[in-house]
Amino acid sequence: MSVLVDDDTRVVVQGITGGEGKFHAEQMMEYGTNVVAGAVPGKGGQEAAGVPVYDTVQQAVDAEDADTSVIFVPPAFAGDAIFEALDADLDLAVAITEGIPTQDMARVNKRLSETDTRLIGPNCPGLITPGEAKLGILPGNIFSEGNVGLVSRSGTLTYQVVDNLTNRGIGQTTAIGIGGDPIIGTSFIDALELFENDDETDAIVMCGEIGGEDEEQAAAYIDEHVDTPVAGFIAGRTAPPGKRMGHAGAIVSGSGTGTAESKISALNDAGVPVGDTPEEVADHIEAFLG
Amino acid sequence: MAMKLHEYQAKGVFADAGIPTPDSQLASDVDGAVAAAEEIGYPVAIKAQVQVGGRGKAGGIKLVDDADEAREAADAILGMDLKGYHVGSVLVEGAVDFTDELYVGITMDRGEGKPVAMVSTKGGVDIEEVAEEDPDAIAKEHIDPSFGMHPYQARKAVYDAGVDESVARDVSSVLTTLYQLWDDRDGADAEINPLMVTADDEVIAADAVMNIDEDALFRQPELAEMEAEAASTGDELEQKADEYGFDYVRLEGNTGIIGNGAGLVMTTLDLVDYYGGEPANFLDVGGGAKADRIANALDMVFSDDNVESVVFNIFGGITRGDEVAKGINEALEQFDEIPKPVVVRLAGTNWEEGMEILNEDLVTVEQTLEDAVQRAVEYAAEVSE
């Protein structure tokens, strides 16, 4: 079992003829992902990464039964690309693109609330069900099959924590990078709910960072609704207020909201231990699994 | 990230859109400031043009009644260091005789994923303090970005805030214009605090804040030009980082940090602190960095005189270990002597290829993040002993 993606998932890659799109479409296929098509306006009828390219997402859905999109479209056009995925009524859209204007994402967010499509990202590494399929740019070789679900706002931090787990022989059901932007599709809470309802997931890692209140809200949700043990990590303890730490969403505001302290204490109050180092997170997970 | 306009730039944008603003002139020297004051007529406010809040409390805004006072104030403010920013110009502005100070603002509510319009009769003070101490004093109206702000929403926010009937129509109109500006110009925040109300019921924007979404500057060419002007007062190294296109934040410590991906770089900073060191900076090379970018990153960190050691932590997804190793070699081989010890930890995509390429005579290699950070902290401590 796993959540959101497995080897039956039929993937269309938006932006498959671009450098990143092509490279990662190939990498996804090499990992076992069922990439069935690409969608790039003006490139219909061509072939890329060994699959047919269509002018629109809808054509890819009609011709190849695609049910999921992975989006590698430059930021200026990515908002539009997400709308296209939503209007094609896919099950899942994964937006890898970094740097989409926030107002574009606010409009996407509104449309999202009116559809049944789930959006992961943007500005995220995607998600992976080890041994079955990956959607996005995560390096497949560090993941291993197992019973820990992982959700994270940061890509490379995900890899770090997974590495700490895998090195101890602790595998993962699914790892989801939800993205570092202020407005994202799938939240911590959505991902926690998926893992809580997944029979194979016996423990959950949640990697947050400074900025916003998503971790605090997730802590409250865990307290009420999650029985699966959760271990946390929060990046940005040393970040000074008012300075954005890379991610558009990672900033401690002048009035002190979004601090690591507030997130750690909310998680602790919900019974979630928070590691001081990625290695300590693995310690907690190992203890949960006995 | 938001690009902050100077007050005078934001006021220009607001005035062009029809929001009333006081008479004002920008001056970059004392004589110019006095001449501007004479022309506008006393009393005038002399206001430091730096993009930080709390200018008044920090001595960056002075109200003056004659030419001598104007000269004294301009002389004191021009060239001063205000919260780390050099004051290069002042806005000389006709003082407004007000009876009331309001607050109006538009921002993105990230929790809701939609814009929110805010109005308060408690203007003239730090609105974040009001939000904390008396949240009910700020009326909020969320806006559906696919429709924009309906006229009734502007009225609703204004009436909910308890704005006096005599100016309600004008304040609604200012709020409507402000939302349109925010929407058209890819605003992150647009704020007027205070929006002054005069004895004869006129409303005037006495301050102006306009922050633009940096990710949208590609479609805001006019504002992108203002950025070039606005950015000229920051930290030298942060400017250099801008030129290289790095996400960089300068800190106070002596352990330099380079990595890929914001979350992992932040974690590296936190670990430096955890193992008893002090981070000198945050530097994210981003995803998919090629060799020249890696070399630039090392150049950046070596330019900081405080740095005594560097930890280079790359966990490749989209970034490839061989490119990173090439970049490190390139940057270090140009030195007869390596300026500061560099600790490298490579993992993820192509890390084995990277390790083969990496010239291990020039760097210290560690296998794990924890070991790499501890080693770099030790190096920095040895030097400062």
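**Reading a pocket, an interface and a cavity**

Me: How much space lies in the second largest pocket?

Reply: Rolling a probe the size of a water molecule over the atoms shows where empty space is left. In this predicted model, the second largest pocket holds about 310 Å³ of space.

Me: Which residues are the closest to the centre of that pocket?

Reply: The pocket is lined by 18 residues, and the closest to its centre are Gln27(A), Pro139(A), Gly140(A), Asn141(A) and Thr349(B).

Me: Now the contact between the chains. How many residues does it take from chain A and from chain B?

Reply: It takes 53 residues from chain A and 47 residues from chain B. Between them the two chains bury about 4,200 Å², with 57% of that area on carbon and sulfur atoms.

Me: How many salt bridges are counted between chain B and chain A?

Reply: A salt bridge pairs a side-chain nitrogen of Lys or Arg with a carboxyl oxygen of Asp or Glu within 4 Å. The count between chain B and chain A is four. The side chains of Asp104(A) and Arg219(B) form a salt bridge, at 2.8 Å from N to O.

Me: Which elements of chain B each supply at least two residues of the side that touches chain A?

Reply: They are helix H4 (127-133), helix H6 (165-184), strand S14 (247-250), helix H9 (262-274), strand S17 (309-316) and helix H13 (369-384). H9(B) gives the largest share of that side, ten residues. Sorted by class, the side of chain B that touches chain A has 20 nonpolar, ten polar and 17 charged residues.

Me: How many cavities of 30 Å³ or more does the structure hold?

Reply: A cavity is a space where the probe fits but cannot get out, whereas a pocket is open. The structure holds one cavity of 30 Å³ or more, and about 30 Å³ of space lies in the largest cavity.

Me: Which residues line the largest cavity?

Reply: From chain A come Ile100(A), Thr102(A), Met105(A), Asp181(A), Pro182(A), Ile183(A) and Ala248(A), and from chain B comes Asp215(B). That lining divides into five nonpolar residues, one polar and two charged.

Methods:
Residues are numbered from 1 along each chain as its sequence is written. Chains are lettered from A and ligands numbered from 1 in the order in which they are written. This is a predicted model: local features need pLDDT of at least 70, side-chain atom pairs count only at pLDDT 80 or more; totals for chains, interfaces and linings use all residues. Side-chain values use heavy atoms; hydrogens and water are left out. Contact means heavy atoms within 4.5 Å. Buried area is the accessible area (1.4 Å probe) that two parts lose on being put together, summed over both. Helices (H or I, at least four residues) and strands (E, at least two) are DSSP runs, numbered from the N terminus. Ala, Val, Leu, Ile, Met, Phe, Trp, Tyr, Cys and Pro count as nonpolar, Asp, Glu, Lys and Arg as charged, and the others, Gly among them, as polar. On a 1 Å grid over the protein atoms alone, a cavity is a set of points where a 1.4 Å probe fits but cannot get out, and a pocket is an open set with protein on both sides within 12 Å along at least five of seven lines; lining residues have an atom within 4 Å of a point. Grid points are joined across faces, edges and corners, and a volume is the space filled by probe spheres set on the points.
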